[in-house]
Amino acid sequence: MDPVERAEYEQAADDQWEKWLTSDSVEVLTPMESAKLEEELKSQGKLDYMMSTRWVLTDKNDPLRTEANGLPCKANARLVVNSGDPRRSDEKANVRVDAP
């Protein structure tokens, strides 16, 4: 990925993160708060309640781009949360799964 394209995807990721913040979909914790929460979950045997995330980067123009139609990159970034084991307990099944 060239530096210009990388900057476009970083901006798309920033825009996506802003949506998460403005829709109250996430609570940002300090490193100290995160460590405390992790210890609490560990002591309760609930470390599997912690969910990982990953960025999915796509070029929205890719399916439209042809040799005759050389469209520029239209960067899109989506933050995806892995909710863990699909066999999770009923308590964990109540996690919202819609996108902000």
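## A nonpolar surface patch

Helix H1 (3-22) and strand E1 (52-59) each supply at least two residues of a nonpolar patch. Helices here are DSSP runs of H or I with at least four residues, strands are runs of E with at least two, and both are numbered from the N terminus. The patch lies on the surface and consists of Met-1, Trp-17, Leu-21, Val-28, Trp-55 and Leu-57. Together they have about 570 Å² of accessible area (Shrake-Rupley method, 1.4 Å probe; for residues, only the protein chains shown count as cover).

This is a predicted model: local features need pLDDT of at least 70, side-chain atom pairs count only at pLDDT 80 or more, and totals for chains, interfaces and linings use all residues. Residues are numbered from 1 along each chain as its sequence is written, and side-chain values use heavy atoms, without hydrogens and water.

## Two residues compared

Val-28 sits in the loop between H1 and helix H2 (31-43). Val-28 counts as exposed because its relative accessibility is 55%. Gln-16 belongs to helix H1. Gln-16 counts as buried because its relative accessibility is 4%. Buried means under 20% relative accessible area, exposed over 50%, and partly exposed in between (1.4 Å probe, protein chains only).

Beyond its neighbours within four places in sequence, Gln-16 contacts Trp-55, Ala-77, Arg-78 and Leu-79 (heavy atoms within 4.5 Å).

## The whole chain

The chain has 3 helices and 2 strands. Their order along the sequence is α-α-β-β-α. Of its 100 residues, 11% count as buried. The chain exposes about 8100 Å², with 52% supplied by carbon and sulfur atoms.

Note on methods
Patch = residues over 30% accessible without salt bridge, like charges linked within 9 Å, V, L, I, M, F, W, Y side chains within 5 Å. Salt bridge = Lys/Arg side-chain N within 4 Å of Asp/Glu carboxyl O.
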